[in-house]
Amino acid sequence: MNKDSLRIMSTPKNVKTTKPEVMNTISDIEIIRSLLYCFQGVDSHWIEFNQNEKQFVVTAQLDFYQTSKVNRLMELGYLHNIVQEYIENNSDNKNGSVASGIAHCLHEELCIYYDSINKLQKEVNEAYEKSKEYSLGNLLCWSVLWLGQLQDLAYTVKMIDGAKRGGELVSVIAPFAYCANPYLQQMATNMIKVATRPLMMIMCHWMVDGELLDNYEEFFICQCPDINNLDMWNNRYTIRDSMVPAFFTKEDVNRIFRTGRYINFLHTICKSKPELTPSRKTLKDLRNSGDKDLFPMLEQGSIISDMINKACTESSTVVLDILKEQFNLFLHFEGLRRYMLLGQGDFVTSLLEILQPHLDKSSGTLGHHTFRNLLDTAVRMSNAQYDKPTILKTLDVKLLPTSGEDCGWDIFQLDYSTGGPLETIFEFNGSGRYSIMFVFLWRLKRIDFVLSQMWRELNLQIKTSYHVVPEIRNALKWTNNLVAEMVHSVRQIQFYVLSDVIETEWEHFREAINKASLLETVIQAHNQFLKNIFKRSVQTEETHDLSKKMRQLFESVLELRGIQERFHSQSEHELNRRKDLEKYIEEHGTNNKMEKDDLETKEAFLLEVDRYENIIKEISNSYKIDLVKFLKKLIQVSTDDQDALHSLANRINFNKYYSKNDQDLEKCATYICRSHK
């Protein structure tokens with residue numbers, strides 16, 4: 001809506017009069033006196049306000065000369081009522097302190113208007129007393145200035161009227177401060193100065209004490225109810241974009257938000273109230289003065305913007321220093337790397353060896369207390385016992401919910417819960433990113449541990465059974481070759497994840513936090529660290545297919561383990577039977593029935609060996625197919641920005657062991673090698 005349209009809307013309809021044949025026309029002086037009341041929105045003898053039609057009505061007969069002028073002059077009363085209605089609806093903070101401030105400014109403008117009417121009335125009275133002529137034309141000359149100003153005021157009211165409040169209301173007024181109309185520009189400037197004083201008070205209190213004193217919900221920061229301290233950092237306070245004044249930059253808004261959140265965090269979570277920094281002292285003085293506003297923010301590089309920037313920087317530094325010194329932030333980062341990311345190798349090995357008999361059991365038979373004792377034992381058996389007590393106190397065991405068919409491997413998880421301030425900001429425990437990464441690394445360690453067990457059992461079986469039970473030689477050879485392939489690929493994946501990814505990214509992260517002087521820098525570096533290890537470890541949504549193929553390889557290992565255990569048990573039984581039979585024959589001799597039974601048992605065992613060989617060959621073929629698919633996908637993913645994945649594919653496919661028998665893999669690898677040149 002522009003001012004021309006407002007003028008059209010505000011112009012009253014043709015003057016309504018009573019029956020012309022009954023009444024005589026009235027003099028100018030009589031209608032002028034009624035108009036003086038009309039200008040102030042008050043009914044008089046000849047001019048009344050029609051509430052239904054929202055317009056002034058003349059109850060006297062006017063001639064043609066008077067009609068056009070009175071219609072023009074009555075517009076002042078109409079415009080006055082628009083402004084006055086807004087003032088009445090927004091006085092006494094009915095719609096917030098900002099709207100009340102604007103209503104106060106409008107009232108002051110009307111007071112000047114009333115004063116001008118009083119002077120005009122004196123002129124009219126003097127002219128009447130001295131029998132001088134004072135016509136409607138003279139009144140029109142006086143009204144020219146005020147008609148334009150009241151149109152500006154009414155236009156402003158039309159723009160701000162409605163549900164707008166707080167910062168949103170200030171945003172509507174702000175553009176007027178730059179317009180070419182001097183009166184409108186000055187009026188908008190006064191409004192912004194008065195209306196933003198409450199916002200200035202709220203902002204200063206938020207940045208100084210970390211508290212919101214927004215009784216009328218006008219500030220652009222709001223507090224969400226029923227948010228516990230653990231979710232305080234991310235969810236308790238939010239920014240309402242609609243309430244941000246238009247002349248605030250995004251940087252200013254974010255700095256104001258962060259500064260108050262820092263102070264609130266120190267007071268409520270850290271239970272610490274450090275001394276005020278220089279910038280916050282200045283903001284406190286501005287708040288205590290009570291007469292400061294946000295008008296300087298309309299200009300770039302304002303003093304208030306500089307103070308906001310300094311206050312945010314100083315507060316961030318204070319919070320980081322407290323987290324480092326009082327809550328051992330960097331020490332806990334190291335603890336998370338060692339235990340949740342399995343960086344403490346000897347501890348992980350000890351833990352696996354101690355837990356293995358229990359992890360193979362059904363989950364329903366396992367309890368937290370048992371695992372907690374085993375964890376303490378693993379700590380004492382490794383170099384983890386020399387870690388700082390601060391780290392070891394936070395280390396615990398968490399058992400995941402079970403479906404009843406799971407084993408201990410599926411429900412066991414380490415838990416690193418710092419609690420307090422660190423947990424509020426970084427979300428170390430629970431179902432966070434460290435827990436997700438631990439599950440992946442623990443599965444990888446489990447597969448490596450299972451392969452190591454199979455390798456040891458195969459070597460022992462070859463030594464003890466190779467000559468006594470010659471039927472299993474080919475089966476052991478097939479198994480040994482398959483286990484060797486699995487060990488190679490799994491060890492390469494494990495080395496890549498633990499060394500190439502986690503250790504490399506950890507060094508970058510440690511360099512970043514050692515140089516950091518602001519909390520934001522540490523938070524960003526930490527988020528980037530976790531993001532990188534998830535991405536490079538192919539544990540993101542984008543690499544879901546690759547991660548799925550990796551799990552298929554792991555499932556093949558577990559399938560082989562189950563079959564190998566059963567065959568190993570059968571072989572051990574056959575070995576012991578033959579040894580016992582040989583010993584019996586040496587002592588008591590033999591007979592036909594015994595030899596017949598022995599032959600039947602050997603034939604039955606040979607069938608089991610043949611069945612086992614066939615299963616091993618199937619698993620071997622399936623594993624190679626899955627591994628080739630994994631390598632192809634690995635090479636495809638590496639074309640983006642992860643050259644390390646291409647290196648991993650080359651290490652698994654050492655000497656082109658798999659690609660020489662697969663033309664598609666050979667073409668894929670060759671193409672990638674050329675594309676990287």
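Rings of Phe, Tyr and Trp (its six-membered ring) are paired if their centres lie within 6.5 Å; planes under 30 degrees apart count as stacked, over 60 as edge-to-face and the rest as tilted. The model is predicted: local features need pLDDT of at least 70, side-chain atom pairs count only at pLDDT 80 or more, and totals for chains, interfaces and linings use all residues. Side-chain values use heavy atoms, without hydrogens and water, and residues are numbered from 1 along each chain as its sequence is written.

One aromatic cluster is formed by Phe-330, Phe-333, Phe-426, Trp-506, Phe-509 and Phe-529. The count of aromatic pairs is 23. Among them, Trp-233 and Phe-265 are edge-to-face, with 5.4 Å centre to centre and 75 degrees between the planes. Trp-233 belongs to helix H8 (residues 232-236) and Phe-265 to helix H9 (residues 250-268), so the pair ties together parts 32 residues apart in sequence. Helices are DSSP runs (H or I, at least four residues), numbered from the N terminus.

Arg-33 lies over the face of Tyr-128, 4.3 Å from the ring centre. Lys-193 lies over the face of Phe-295, at 5.4 Å.

Helices H18 (residues 433-465) and H21 (residues 544-588) pack at about 30 degrees, their axes 10 Å apart. Axes are lines fitted to C-alpha atoms over the stretch in contact, and angles run from 0 to 180 degrees between N-to-C directions. H18 and H21 are therefore roughly parallel (under 35 degrees).

Methods:
Helix = DSSP H or I, 4+ residues; strand = E, 2+ residues; numbered from the N terminus. Lys NZ or Arg CZ within 6 Å of the ring centre and 35° of its normal. Parallel < 35°, antiparallel > 145°, perpendicular 65-115°, else oblique.
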